[in-house]
Amino acid sequence: NKIYLYDFETNTTDEIRALPSDSEVVKVTLKDDLFIYLVSEPERNALYLYDLNTAVEQLIVGDIEFIGDMSLSDDYIVYSATRTSTDSRGIFLYNITTGQEDTIDEGGESSNHPKISGDLVVYPVSSDYCYDKVVIHDTLTGQKTEIIPPDVGPVLDFEGDKILYVGCSQN
């Protein structure tokens, strides 16, 4: 039960982390020299950040009951989760440099599909079977803007000024 990194250029494989036999990696997201991963452990689920340049691993949060999508930029980690310690659900934004975490969307209307590109986070918001809108959250100002693309569903990816999503029709 280990995490490995294979390098195409050097044709080498490095072991990044060995896990206890009763733990498993559930999700991984890689961006440049950083990656985040969710580990299912016997008593909890925990989200970690690993820097490939420094070989430093950091626990981001250790009280996750459920996690939806997670996304990584140079400066931030964004993820949707339900916390076991507070039984709160929301979209959380973790600043990699400062170690500060903020909740950018709380409660039952939050989405399981946040994505980050640069300083912007996007996530669809649902109130029924499909989604009603997409919220764009500026990490620098905290300002939120809502847009309503046609047949909006889960956001698959986000880069620059383009959002890739699955269509969801109420009909």
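Select Leu 156, Leu 164 and Val 166: together they make a nonpolar surface patch of about 260 Å². Keep in mind that this model is predicted.

Stay on Leu 156. This residue sits in strand S14, residues 155-159. Is Leu 156 exposed, partly exposed or buried? Leu 156 has 47% relative accessibility, so it counts as partly exposed; the exposed class begins over 50%.

Next stop: the sheet. Select strands S10, S11, S12 and S13. They form an open sheet of four strands in the order S10-S11-S12-S13, with antiparallel pairing. Which strands are at the edges? S10 (115-117) and S13 are, since each pairs on one side only. Look along the sheet: its neighbouring strands are turned by 25 degrees against each other on average, direction ignored.

Zoom in on the S10 end. S10 and strand S11 (residues 120-126) run antiparallel, and three bridges join them.

Strand S12 covers residues 131-138 and strand S13 covers residues 144-147. The two run antiparallel, joined by four bridges. Pick Ile 136, then find Thr 145 of S13 standing opposite.

Last, follow the chain between these two strands. S12 and S13 form a hairpin with five residues between the strands. Which residue there takes a positive phi? Select Gly 142: its phi is near 80 degrees.

While the side chains are on display, keep one rule in view: in a regular strand they alternate between the two faces of the sheet.

Definitions and conventions
Residues numbered from 1 in each chain as written. Predicted model: local features only at pLDDT ≥ 70, side-chain atom pairs only at ≥ 80, totals over all residues. Heavy atoms only, no water. Patch = residues over 30% accessible without salt bridge, like charges linked within 9 Å, V, L, I, M, F, W, Y side chains within 5 Å. Areas by Shrake-Rupley, 256 points an atom, 1.4 Å probe, with all protein chains shown as cover. Salt bridge = Lys/Arg side-chain N within 4 Å of Asp/Glu carboxyl O. Buried < 20%, exposed > 50% of the residue type's maximum accessible area, 1.4 Å probe, protein only. Pairing = 2+ DSSP bridges. Axes fitted to C-alpha atoms, helices over the stretch in contact; angles between N-to-C directions.
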